[in-house]
Amino acid sequence: MPALRKASLLTFAALLAGCASGPLTSPAPALIPSAPAPQPAPVPELRPGVPAGYLGHALPDSLALLPPPPAKGTPAFARDQAVSRASQKLKSGPRYALASRDADLRFPQVASTFSCALGVPISQQDTPRLYLLLQRSLVDAGLATYAAKDHYKRTRPFVFYKEKTCFPADEASLRTDGSYPSGHTSISWAWALLLSELSPAQADALLARGRAFGENRLICNAHWQSDVLQGRAVAAGTVAVLHANEVFAADMRAARAEIDSLRGSGVVPQDCDAEAAALKVKIPGVE
């Protein structure tokens, strides 16, 4: 494995090993279906508990895909700064609590991110094939950002302004992890695209949740707006490449069957009101 890719993998793995969750609790699990869903076959692991992605080295090249980040002193960077400062006015209340929870990429917590938007609970017990699909695609969408991250090594807002983030456990890793593009955004937008394909009737809610997840990185003081916007481009490229992978295609079919079965059973996620209230809070100046 090339030294640069190995370093990126270690950095990304460190971010997946963050500590405490944010103050907003995840949606409560639903009632367990009467018959447990069959568990997927084991896959190779990057580290204990972190399954490898589907793509291996066949990731889209974010350095080739994206333009350079806005340079200091340009109008584009001034816009990034304006949005950053506006987002920091939301450092209390329900949207900040949601942003703090969204910062934690660890499973099983992060698997429930889209449960309310999807309308069915997502968990290793209720939807094991979908759970694994999310785990593996997270790795691909996250690692796909590192060609650009490692090249540009853009300074993050909290470092630039000598401030804090919404998730202190990650700050040491983030200080040396390039800001451009946003890995959290790439992951959340990839998931939003995949889940919209699996459940088209819920596409509007799923895409809105995916966008909010990425934009929450602004509130967390971890990314500039241009990082978030270009994170979506990396996600789209990753999803396009994933569709050429036969193992991924089989997991998509199995995940769709799980969703359809669970929806037919009438099981729904619980305690979605707090998330709905948080999503109503908008970030000033966000495009």
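Asp 271 lies in the loop between H13 and helix H14 (273-279) of this predicted model, and its phi is near 60°, a positive value in a residue other than glycine. With a relative accessibility of 58%, Asp 271 counts as exposed, because the cut-off for that class is over 50%. Lys 153, found in the loop between helix H7 (146-152) and helix H8 (157-160), likewise is not a glycine and has a positive phi, of about 45°; Lys 153 is exposed, its relative accessible area being 58%. Most residues other than glycine have a negative phi, and most peptide bonds are trans.

| Cis bond | Omega | Loop holding the proline |
|---|---|---|
| Phe 107 to Pro 108 | about 10° | between helix H4 (94-102) and helix H5 (115-118) |
| Tyr 180 to Pro 181 | near -5° | between helix H9 (171-175) and H10 |

Helix H10 (residues 183-198) packs against helix H13 (residues 246-265) at an angle of about 60°, the axes being 10 Å apart, which makes H10 oblique to H13. The crossing of H10 past H13 is right-handed. On the H10 side, Leu 194, Glu 197 and Leu 198 take part, and they meet Phe 248, Met 252, Ala 255, Arg 256 and Ile 259 of H13; the residues of this contact divide into 6 nonpolar, no polar and 2 charged.

Taken as a whole, the chain holds 14 helices and 2 strands, and of its 287 residues 53% are buried. Among the contacts in the chain with a separation of 6 or more, 86% are accounted for by residues 24 or more positions apart. The accessible surface comes to about 12200 Å², with 60% of it belonging to carbon and sulfur atoms.

Definitions and conventions. Residues numbered from 1 in each chain as written. Predicted model: local features only at pLDDT ≥ 70, side-chain atom pairs only at ≥ 80, totals over all residues. Heavy atoms only, no water. Axes fitted to C-alpha atoms, helices over the stretch in contact; angles between N-to-C directions. Helix = DSSP H or I, 4+ residues; strand = E, 2+ residues; numbered from the N terminus. Parallel < 35°, antiparallel > 145°, perpendicular 65-115°, else oblique. Left-handed = near helix turned anticlockwise from the far one by under 90°. Contact = heavy atoms within 4.5 Å. Nonpolar A, V, L, I, M, F, W, Y, C, P; charged D, E, K, R; others polar. Buried < 20%, exposed > 50% of the residue type's maximum accessible area, 1.4 Å probe, protein only. Areas by Shrake-Rupley, 256 points an atom, 1.4 Å probe, with all protein chains shown as cover.
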